[in-house]
Amino acid sequence: MCGIVGFAGAQPAAPILLDGLKKLEYRGYDSAGIAVQDGGLISVVKTRGVIKNLCDKTDNGSTLSGTSGIGHTRWATHGAPDDVNAHPHVSNDGMFAVVHNGIIENFAVLKDELEKKGYRFESQTDTEIVANLLDLYYKGDLLEAVMKTVSRLDGSYSLGVLCAEHPGKIVAVREKSPLILGVGVKENYFASDVTALVAHTRNVIYLDDGEVAVLTADSIDIYNASGKKIEKSTSRVIWDIEAAEKGGYEHFMLKEIMEQPRAILSTLEPRIKDGRIVLDDIPDSYFDGVQRIIITACGSAYYAGCVGRYVIEKLCRIPVTVELASELRYHDPIIDENTLLIVISQSGETADTIAALRECKERGAKSLAIVNVVGSTIARLADYRIYTWAGPEIAVATTKGYTTQVAVLGLFAVFAADKLGRITKERYAELIGELLKLPSKVQRAVDLNSHISYLAKRYASHRDVFFIGRNIDYAVALEGSLKLKEISYIFSEPYAAGELKHGPIALIEQDTLVITLCCYDELFEKTLSNIEQVKARGATVLAVAHEGNGKIFHVADDAVFVPDSEPLFAAVPEIIPLQLFAYYIAKENGCDIDKPKNLAKSVTVE
């Protein structure tokens, strides 16, 4: 959701800024702009629509001279997505240019104050007030003006600032919105996502909330919220730019679906040594006194948590609830030191999840994060963390992010059950073996379903789709339905199969497509009964079943298959054909698969 980049060096800034913005396209945006400084002149170019429009408008950056600058991709929050509201925004006198991710919650009060002092506003954004506040407080000391300005701001934001009187210098500010510094040779950078940096440097510094960085070609100075200069360590990004390229695939989403066997192997294998799960950071005593587990997340990560609930409760015999982070933070939850909070986020920067984590920690909860991005906010806030190590995920609709989260939840459940003494040695060894089979099971799920593109042609015209399942099948149905709706824009709704007769069956009519998950063997016959019920009302049924299950063809119109798996871990291979189905439906309907409308990769505002 939005993206910002900044560069200070010796080479032309505009092409580097444009390249960085292209790397951030996957986050979701509706307009883009850059500001480049050449001596005391700041030149701003911005446009509605895609970054290609900005490249065309600047002849790929060649029309803008200057070796320092800032750039932005905007996802509209305040004001329509047009040229006027696009960033960067400039102070009335042209002294400052600003880019901003996030939301300034008290912008209306500040705007009213500035208008009374004679400042004019051209846009509807909350960002323009930052540029004019900087102008109000600037008396020659750039850092002082920035510190005074941010002290007035409420909300979540990351900022990039240029000042006409300080050529070659850029300022970056982080407050509850991701921001990373890139350390180069005779050039330095900032960006909201590491993908914008790795083509130029893999040495990065993660800013914390309240910190301000002043960058030039030769230096990076970092200050805390009190204005005191501090030292920060430099980290090394372990993947390179090739990991963020399509590698011959038509779309990032398809590439990332196909990467799942490798991603799951990378997640699991280093943590299983000599037949034992090794999570070095988590002490054996961590589970002492835990009486309740809450899993919280948003979107697909929440649905991964829904799978995790079944697995953890079954193995650990501790009650587990799964809460949407956007709800958990506001309903005055009953949480204490006997609560273990598991937070799940691909980016580690999901705003509602961060807020829920902070709220629960304040109430005494223990916390464990499952995240992909090393050094992210959630990773640093949690007591302990398990990285999924899935590599960069560029498509907005998550695939390998989800499956690696589910795999980690399975790993954690077995680990915790062992520490709690709730599992026999024989069952522990059996489950370890089943975890290690997951990469090959996922590959088999891909191999079994080469015909899905043909099914997609058959079903692409359906405008209403229902997903049903029981137990873990139902949890998988939640994610399968989300995949279809978010990239194909087809209305789809998941239901627990047993709930059909309590209302939803009223919506089943002739040729309604019902995708039925039939992989939970213990309840297979009951699910067949649900298929009969919808078929009796004219529905068309596409079933997901275990390989070799010929019985399914007696009731379903079509079927896709997955390998038979340990029931506790079956969600991982089971989601594969549903990911592929959503992908090919969206392709058949001509949708923008990697960047679906109105969606953003990392939701960093409420």
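About 60 Å³ of space lies in the second largest cavity of this predicted model. A cavity here is a set of points, on a 1 Å grid over the protein atoms alone, where a 1.4 Å probe fits but cannot get out. Grid points are joined across faces, edges and corners, and a volume is the space filled by probe spheres set on the points. Three cavities of 30 Å³ or more are present in the structure. The model is predicted, so local features need pLDDT of at least 70 and side-chain atom pairs count only at pLDDT 80 or more, while totals for chains, interfaces and linings use all residues. Residues are numbered from 1 along each chain as its sequence is written, and side-chain values use heavy atoms, with hydrogens and water left out.

Lining residues have an atom within 4 Å of a cavity point. For the second largest cavity they are Val-5, Gly-6, Phe-7, Ile-16, Leu-17, Gly-20, Tyr-189, Phe-190, Ala-196, Leu-197 and His-200. Strand 1 (3-8), helix 1 (13-23) and strand 10 (188-191) each give two or more residues to this lining. Helices (H or I, at least four residues) and strands (E, at least two) are DSSP runs, numbered from the N terminus. By class, the lining has eight nonpolar, three polar and no charged residues. Ala, Val, Leu, Ile, Met, Phe, Trp, Tyr, Cys and Pro count as nonpolar, Asp, Glu, Lys and Arg as charged, and the others, Gly among them, as polar.

Two strands pair if DSSP finds at least two bridges between them. Axes are lines fitted to C-alpha atoms, for helices over the stretch in contact, and angles run from 0 to 180 degrees between N-to-C directions.

Strand 2 and strand 3 run antiparallel and are joined by eight bridges. Val-36 stands opposite Ser-43 in strand 3. The hairpin of strand 2 and strand 3 has two residues between the strands, and Gly-39 takes a positive phi near 65 degrees there.

Six bridges join strand 1 and strand 4 in the antiparallel sense. Ala-8 has Ser-68 as its bridge partner in strand 4. Ser-68 is placed in strand 4 (residues 68-74). Ser-68 is buried, with a relative accessible area of 1%. Buried means under 20% relative accessible area, exposed over 50%, and partly exposed in between (1.4 Å probe, protein chains only). Leaving aside neighbours within four places in sequence, Ser-68 is in contact with Phe-7, Ala-8, Ala-13, Ala-35, Val-36, Gln-37, Gly-168, Lys-169 and Ile-170. Contact means heavy atoms within 4.5 Å. Arg-74 lies in strand 4 too. At 3% relative accessibility, Arg-74 counts as buried. The C-alpha atoms of Arg-74 and Pro-178 are separated by 15 Å, with the two residues 104 apart along the chain.

Helix 4 (residues 128-137) is mostly covered, with nine of its ten residues buried. These are Glu-128, Ile-129, Val-130, Ala-131, Asn-132, Leu-133, Leu-134, Asp-135 and Tyr-137. Their cover includes strand 5 (89-90), strand 6 (96-104), helix 3 (107-116), helix 5 (142-150) and strand 7 (155-163).

Five strands form another open sheet, in the order 19-18-20-21-22, with parallel pairing. Strand 19 (320-324) and strand 22 (384-387) are the edge strands, and each pairs on one side only. The twist averages 20 degrees from one strand to the next. Helix 8 (residues 299-316) packs on the sheet, touching strand 18 (292-297), strand 19 and strand 20. The direction of helix 8 makes about 175 degrees with that of strand 19. Helix 10 (residues 351-362) lies across strand 18, strand 20 and strand 21, running at about 165 degrees to strand 20.

Strand 20 (residues 339-345) and strand 21 (residues 366-371) pair in the parallel sense over six bridges. In strand 21, Ser-367 is the bridge partner of Leu-341, and Ala-369 is that of Val-343. Six of the six residues of strand 21 are buried. Both faces are covered, with Lys-366, Leu-368 and Ile-370 on one side and Ser-367, Ala-369 and Val-371 on the other.

Technical notes: On a 1 Å grid over the protein atoms alone, a cavity is a set of points where a 1.4 Å probe fits but cannot get out, and a pocket is an open set with protein on both sides within 12 Å along at least five of seven lines; lining residues have an atom within 4 Å of a point.
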